[in-house]
Structures are given as structure tokens and as C-alpha cells.
Amino acid sequence: MKRDEDLLRQLLFDLEQEDDFVSAAFVEHMNMPKEDRVKRGHVLLLADAGLVAPMSGEWSTFRLTNDGHDFIAAVRQDTVWNKTKETASKAGSVTLSMLFEIAVALGKEKLRQATGLALS
């Protein structure tokens, strides 16, 4: 399975929309439809990256971490996300943390243009 950055982003948005701090129960069952297995696999990738965390040591219920919220904030705007992916594609392949860094750099540049304030 290839990692789908758009699906990762959407899953983070889905988790953010939950009414409760504890989010998105994922049933571990190999007989689930392929689409659900792909989503489950991507949630585990988000956990590997520290953007979500399992609750109470269970790997079926997750919460967003502070890093997950930061990632969402950095890539919330579609224009920033699309520019992030466009910039990353020039490198050929990038990590999820590099996507975050690109998005943050783009956000800092937008802030500098809007306010004159340059963040390091």
C-alpha cells in the first residue's frame, strides 16, 4: 500500500471534527472492506508519525496529539496544502515531516508578506 498524503490529511480533519476527545474507533479485522483497511493503515501511519495516539494502549481508538493539531493548522487551507504538495513534488519524494515543514515555511512566508513579521 502506498501512503496517500491526501487521505492522511482528510483523516486528521475527520478526527478533529469528532465531538469527543477520544476519536474514531477502528475495528481490527482483516475481513473488513479494503477501503476500511486502507483507512486503518493510514491511521496507523499517523500514529507512527506522532500525529495521533492510541487511547489507553488500545490500537482501536485514537486521539489527535498536539503535533496532529499543529499539522492540521499548517495544512488547513487548500491553497497551502496544494502548494505544499507542489513544492514537495519537485524533490521527488518527501517524508510526512517534510510536508509539515514545507507547509509551516509557506505559512511563515504568508505571515511575513501580510505583516512584515519574519519568524525563524
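I began with Glu-16, which is partly exposed because its relative accessible area is 25%; buried means under 20%, exposed over 50% and partly exposed in between, with a 1.4 Å probe and protein chains only. I note that this is a predicted model, in which local features need pLDDT of at least 70 and side-chain atom pairs count only at pLDDT 80 or more, while totals for chains, interfaces and linings use all residues. Residues are numbered from 1 along each chain as its sequence is written, and side-chain values use heavy atoms, with hydrogens and water left out.

**Entry 1: Glu-16**

I located Glu-16 in helix 1; helices (H or I, at least four residues) and strands (E, at least two) are DSSP runs, numbered from the N terminus. I then listed its contacts (heavy atoms within 4.5 Å). With neighbours within four places in sequence left aside, Glu-16 is in contact with Leu-64, Ile-72 and Arg-76. I also looked up His-69, which lies 53 residues from Glu-16 in sequence and 7.9 Å from it in space, C-alpha to C-alpha.

**Entry 2: the chain as a whole**

I recorded 5 helices and 3 strands in the chain. From the N terminus on, I read the order of the elements as α-β-α-β-β-α-α-α. Of the 120 residues in the chain, 32% are buried. Among contacts with a separation of 6 or more, 55% come from residues 24 or more positions apart.

**Entry 3: Met-1**

I found Met-1 in the segment before helix 1. Met-1 counts as exposed because its relative accessibility is 65%. Not counting residues up to four places away in sequence, Met-1 touches Val-38, Gly-41 and His-42. For Met-1 and His-42, 41 residues apart along the chain, I noted a C-alpha separation of 9.5 Å.

**Entry 4: helix 1 with helix 2**

How do helix 1 and helix 2 pack? I found an angle of about 80° between helix 1 (residues 5–16) and helix 2 (residues 34–48), with their axes 10 Å apart. Axes are lines fitted to C-alpha atoms, for helices over the stretch in contact, and angles run from 0 to 180 degrees between N-to-C directions. Helix 1 is therefore roughly perpendicular to helix 2; angles under 35 degrees count as roughly parallel, over 145 as roughly antiparallel, 65 to 115 as roughly perpendicular and the rest as oblique. Helix 1 contributes Leu-7, Leu-8, Leu-11 and Leu-12 to the contact, and helix 2 contributes Val-38, Lys-39, His-42, Val-43, Leu-45 and Leu-46. By class, I recorded 8 nonpolar, 1 polar and 1 charged residues. Here Ala, Val, Leu, Ile, Met, Phe, Trp, Tyr, Cys and Pro count as nonpolar, Asp, Glu, Lys and Arg as charged, and the others, Gly among them, as polar.

**Entry 5: helix 1 with helix 4**

I next looked up helix 1 and helix 4, whose axes come within 12 Å and cross at roughly 150°. The two helices are therefore roughly antiparallel to each other. The crossing is right-handed; a crossing is left-handed if the near helix is turned anticlockwise from the far one by less than a right angle, and right-handed if clockwise. Glu-5, Asp-6 and Arg-9 of helix 1 meet Asp-78, Trp-81 and Lys-85 of helix 4. I divided these residues by class into 1 nonpolar, no polar and 5 charged.

**Entry 6: helix 3 with helix 5**

I noted that helix 3 and helix 5 pack at about 50°, their axes 9 Å apart. Helix 3 is therefore oblique to helix 5. Their crossing is left-handed. On helix 3, Asp-70, Phe-71, Ala-74 and Val-75 meet Leu-96, Phe-100, Ala-103 and Val-104 of helix 5. This contact has 7 nonpolar, no polar and 1 charged residues.

**Entry 7: aromatic pairs**

How many aromatic pairs does the whole structure hold? I found 2; rings of Phe, Tyr and Trp (its six-membered ring) pair if their centres lie within 6.5 Å, and planes under 30 degrees apart count as stacked, over 60 as edge-to-face and the rest as tilted. Phe-71 and Trp-81 are edge-to-face, 6.5 Å centre to centre with 70° between the planes. This pair links Phe-71 in helix 3 (residues 66–75) with Trp-81 in helix 4 (residues 78–89), 10 residues apart. Both Phe-71 and Trp-81 are buried.

Phe-71 and Phe-100 are stacked, 5.9 Å centre to centre with 20° between the planes. Here Phe-71 in helix 3 is linked with Phe-100 in helix 5 (residues 96–115), 29 residues apart. Phe-71 counts as buried because its relative accessibility is 3%, whereas Phe-100, at 26%, counts as partly exposed.
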